[in-house]
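Visitor: I have a new structure open and would like to learn how to read it. Could you take me through it, feature by feature?

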Amino acid sequence: MAHEVTQVERGSAAERAGLRPGDELLTINGQRIIDVIDYELFICAKSPVLRIMRNGETLDIKVKKSEYAPMGLRFGESLMSRQRDCVNKCVFCFVDQLPKNVRPTLNVKDDDWRMSLMMGNFVTMTNVSDRELERIIARRCHPLYISVHATDPEIRAEMMGQKIAGKIMSQLEKLAAAGLTFHTQAVVCPGINDGEVLERTVKDLAGLRPHALSLALVPVGLTGHREGLYPLKPFDKDDAARILAQADAFDEKYGEGFVFPADELYLLAGRDFPPDGKYGDYDQIENGVGLCRRFASEYEEAWRDRGYCEAREADAANERHYAIACGVSVAAFLRELVEEFPVPGARVDVYAVENRFFGPTVTVSGLLTGSDLIRAMKGVECDEVLISQTMLREMQDVFLDDMTLNEVSKALAKPVTAIPDAQRLVERLSGEG
């Protein structure tokens with residue numbers, strides 16, 4: 001497989017070695033380059049030898065550089081190669097529950113272990129052949145983020161609609177035997193992989209420690225668009241309390257720092273979040289584990305840094321009125337937070353916005369749309385509406401329904417500001433930015 005060089009950075013090791021645009025990379029140190037994983041690994045070597053094709057002639061060029069130094073090559077096509085699509089038919093698949101006519105990119109089902117390595121995406125490993133698994137091991141690709149759901153072979157195969165899904169433990173055992181590490185998750189579906197099935201899953205994965213680094217327990221997400229799909233039971237308060245009780249028992253049996261219930265379970269059960277120390281390095285925060293605890297800790301720290309813990313009289317005449325619009329599940333938490341740590345000069349009301357785009361069973365802030373915000377906040381009296389940055393597409397001011405932040409602001413006739421974190425929220429309420 002040849003990869004055409006389109007650019008050689010000026011002053012780079014590649015330029016000094018005589019590499020040119022138009023060269024086709026064939027191998028590095030005799031190793032064929034399948035994708036970016038191979039490329040990034042082999043260019044780390046000290047003074048690697050690149051075999052290239054130039055004008056029909058094969059050349060070996062030694063690039064003099066130190067270990068881990070950059071090479072300085074750019075390629076015409078991504079070295080990532082073709083995306084690895086999902087081959088499963090999971091009974092809980094969120095993509096299958098999307099409304100009709102959503103933008104095409106939302107319907108993409110990727111399941112690429114390389115994105116797990118580079119971006120922390122969770123993958124199922126069902127499309128990883130034995131040969132590819134050996135490549136993962138040979139390239140020392142870890143930590144990976146792996147969706148396990150259940151270690152019982154029959155239950156996992158049934159949940160994922162894929163017979164090969166039943167061999168997950170043998171895959172994990174091979175990774176562990178090779179010294180590779182991985183984080184795991186279980187999307188918990190009441191009546192399917194909770195109870196005794198979950199007990200077995202935790203026991204099996206705990207047996208792979210220290211290579212198995214963590215297990216997140218995530219409640220199944222159900223939208224209002226499940227016509228013709230597998231009948232799943234949504235989580236209720238009792239279900240959440242039961243899973244949390246199991247998690248407490250797992251801590252006693254296997255030690256803290258391995259099983260992590262998602263924030264949504266604590267919110268649904270009405271239980272306080274564990275302290276900061278419980279979450280370690282927040283390795284599963286992108287999975288909704290520890291978001292609220294870290295947000296609260298960072299908010300309080302920013303609040304105290306400004307000396308707001310000292311009582312002071314509010315200037316009612318110059319008070320600015322903010323409305324925080326958020327998902328239903330987190331509204332009470334945010335309301336308690338801003339009431340416990342008030343910012344002088346800021347009046348703050350928190351509004352729980354029902355999701356009409358996906359359905360009212362979807363209660364997280366990150367899946368609210370522009371149309372949801374307009375419907376809920378139209379006519380609300382305030383100077384400014386604050387929302388979570390997670391509602392917007394990465395690096396863009398666009399909601400999941402393709403409305404822009406500017407369009408929502410115009411419809412509400414007031415500024416709508418996306419807030420990325422707790423410190424920025426305190427700064428905004430303080431009038432600093």
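This is a predicted model: local features need pLDDT of at least 70, side-chain atom pairs count only at pLDDT 80 or more; totals for chains, interfaces and linings use all residues.

Visitor: Let's begin with the inside. Which residues of the largest nonpolar core touch the most other members?

Guide: The general idea comes first. In soluble globular proteins, nonpolar side chains tend to be buried together. Here the largest nonpolar core has 98 residues, and those touching the most other members are Ile 136, Leu 172, Leu 175, Leu 217 and Tyr 299. Helix H11, residues 328–340, is the biggest contributor to this core, giving six residues. A separate core of 20 residues lies apart from it, including Ala 323, Leu 368, Leu 392 and Val 408.

Visitor: What does Tyr 299 touch?

Guide: Leaving aside residues up to four places away in sequence, Tyr 299 touches Leu 337, Val 338, Phe 341 and Val 343, and also Ala 422, Leu 425, Val 426 and Leu 429.

Visitor: Now the sheets. How should I read the one with the order S7-S8-S9-S10?

Guide: Strands of a sheet pair through backbone hydrogen bonds, either parallel or antiparallel. In this open sheet of four strands, the pairing is parallel. Strand S7 (144–147) and strand S10 (259–261) are at the edges with a single partner strand each, so one side of each has no neighbour in the sheet. From one strand to the next, the twist averages 20°. To find a pair on your screen, look at S7 and strand S8 (residues 182–188), which run parallel and are joined by four bridges. Tyr 145 has His 183 in S8 as its bridge partner. Helix H7, residues 195–206, lies across S8, strand S9 (212–219) and S10, and runs at about 160° to S9.

Visitor: Where can I see antiparallel pairing?

Guide: S2 and strand S4 (residues 49–54) pair in the antiparallel sense, with four bridges, and Leu 25 has Ile 52 in S4 as its bridge partner. Strand S1 (residues 3–8) also runs antiparallel to S2 (residues 24–28), joined by two bridges. S2 pairs with strand S3 (residues 31–32) in the antiparallel sense too, over two bridges. The hairpin of S2 and S3 has two residues between the strands, and Asn 29 there takes a positive phi near 50°.

Visitor: What is the strand order in the other open sheet of four strands with parallel pairing?

Guide: The order is S12-S11-S13-S14. S12 and strand S14 (416–419) are the edge strands, each pairing on one side only. The twist averages 30° from one strand to the next. S11 and S13 pair in the parallel sense over three bridges, and Ile 324 has Leu 386 in S13 as its bridge partner.

Visitor: Which residues of helix H12 are buried?

Guide: An α-helix has 3.6 residues a turn, so residues three or four places apart point the same way. In helix H12, residues 370–377, the buried ones are Gly 370, Asp 372, Leu 373, Ile 374 and Met 377. They pack against strands S11 (320–327), S12 (346–353) and S13 (384–388), and against helix H13 (405–412). H12 lies across S11, S12 and S13, at about 115° to S12. After H12 comes Gly 379, with a positive phi near 90°.

Visitor: How many disulfides are there?

Guide: A disulfide is a covalent bond between the sulfur atoms of two cysteines. A search of the whole structure finds zero of them. For Cys 44, the nearest cysteine sulfur belongs to Cys 141 and is 11 Å away. The sulfur of Cys 90 lies 5.7 Å from that of Cys 86, its closest, which is too far for a bond.

Visitor: Is His 149 buried or exposed?

Guide: His 149 counts as buried, at 3% relative accessibility. Met 395 has a positive phi of about 70° as well, but Met 395 is exposed, with a relative accessible area of 79%.

Technical notes: Residues are numbered from 1 along each chain as its sequence is written. Side-chain values use heavy atoms; hydrogens and water are left out. A nonpolar core is a set of buried Ala, Val, Leu, Ile, Met, Phe, Trp, Tyr and Cys residues joined through side-chain atoms within 4.5 Å. Buried means under 20% relative accessible area, exposed over 50%, partly exposed in between (1.4 Å probe, protein chains only). Contact means heavy atoms within 4.5 Å. Two strands pair if DSSP finds at least two bridges between them. Axes are lines fitted to C-alpha atoms, for helices over the stretch in contact, and angles run from 0 to 180 degrees between N-to-C directions. A disulfide is a pair of cysteine sulfur atoms within 2.5 Å.
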